[in-house]
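Hi everyone, thanks for making time this morning.

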Amino acid sequence: MKQEPQHLRYSSKKISSFAKPVLHFLCLLLAYSLGYLSSSTRNNSKPPDHINTVVTRVNRIINRATTELGGDHSDFGAVCGEAVPPQHIRRKILERVFKGTSPWENFPPSHVESLLRKKWIKGWGSNGAVFENLIRKVRPKTIIEVGTFLGASALHMFELTRGLGLYDTQIVCIDDFRGWPGFSDHLRMKDMKMVNGDVLLMYQFMQNVMQANATESVVYTPFSSGSALEKLCEWGVFGELIEVDAGHDFHSAWSDINRAFKLLKPGLEGGVIFGHDYFTAADNKGVRRAVNLFARAHNLTVQVDGQHWVFYISNRL
């Protein structure tokens, strides 16, 4: 039987433990206030000052309770730093993540060299027409990809930018390169090697990038999407084109879209945030639900290109 996620159980307990005392207090206060006013207003047309003070305090309690119980679902914390110029983004990430050196120096390490394939790229929906359509439209200087896996879509975008003469475009990839429970049992992943619990996704991704001669155009952050997006925000790393294709459950997609949206910085040709799996068996329980909810919250129009959803922003909201 599917269990309720622990964070939801905790959240409901927190809400009930907070809400009950507040409701009891409000009921007592309301009864007191009505009784007092019914007696005092016989001789006075204006309620006493201390009643106004109490009402003000009640409003504050209600507003605070509303904020704490329901207003934080779109609040994702970090305040973004001053924007880093596109030509300095690669250096910024190398300094923050890799101590100023390229992770491709002396690659591959000896303990995995014999386990890597020369080139092994697997993905889902990684070569759709949407990529060329959007890159032609936006002509991005910086592309941010949330959910990279083995680099199929990142390397496809690399080829597209070069074909369109966008030789300075940097592609920032975000992935923890751990896969997901059971992914190695997938028929397409049966041959994945493992060393001490490490499925070598990051090393194979790096190998693929190196084989494509893209090591100067692709940089990555090997962390969870949530932590990486928050840090890019703090560091001032923004992009004109952002792909969100990591977790496909509602909560993961909702978090990633909200965090990624903060990093969207439309250029002269506008900006785009987009992602895969808009039409899946999950329907409104997964990615599509998160996308549609985000669109309503920000008064955006969902455009569809194949299996991909697209938000086009002509200027920053």
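This is a predicted model: local features need pLDDT of at least 70, side-chain atom pairs count only at pLDDT 80 or more; totals for chains, interfaces and linings use all residues.

Residues are numbered from 1 along each chain as its sequence is written, and side-chain values use heavy atoms, leaving out hydrogens and water.

Rings, then. The structure holds 13 aromatic pairs, meaning rings of Phe, Tyr and Trp (its six-membered ring) with centres within 6.5 Å. One of them joins Tyr-278 and Phe-279, 5.0 Å centre to centre with 80° between the planes; that is edge-to-face, the label for planes over 60 degrees apart, while under 30 is stacked and the rest tilted. Ring pairs also link Phe-250, Trp-254, Phe-261, Phe-294, Trp-309 and Phe-311 into a cluster. Over the face of Phe-250 lies Arg-289, at 3.9 Å from the ring centre. For a charge over a ring, NZ of Lys or CZ of Arg must be within 6 Å of the ring centre and within 35 degrees of the ring normal.

Now helix H6, residues 152–163; helices here are DSSP runs (H or I, at least four residues), numbered from the N terminus. How many of its 12 residues are buried? The count is 10, so H6 is largely enclosed by the rest of the structure; buried means under 20% relative accessible area, exposed over 50%, partly exposed in between (1.4 Å probe, protein chains only). Among the buried ones are His-156, Phe-158 and Arg-162. Just after H6, Gly-165 takes a positive phi of about 80°.

Methods:
Helices (H or I, at least four residues) and strands (E, at least two) are DSSP runs, numbered from the N terminus. The expected span of a helix is 1.5 Å times one less than its number of residues.
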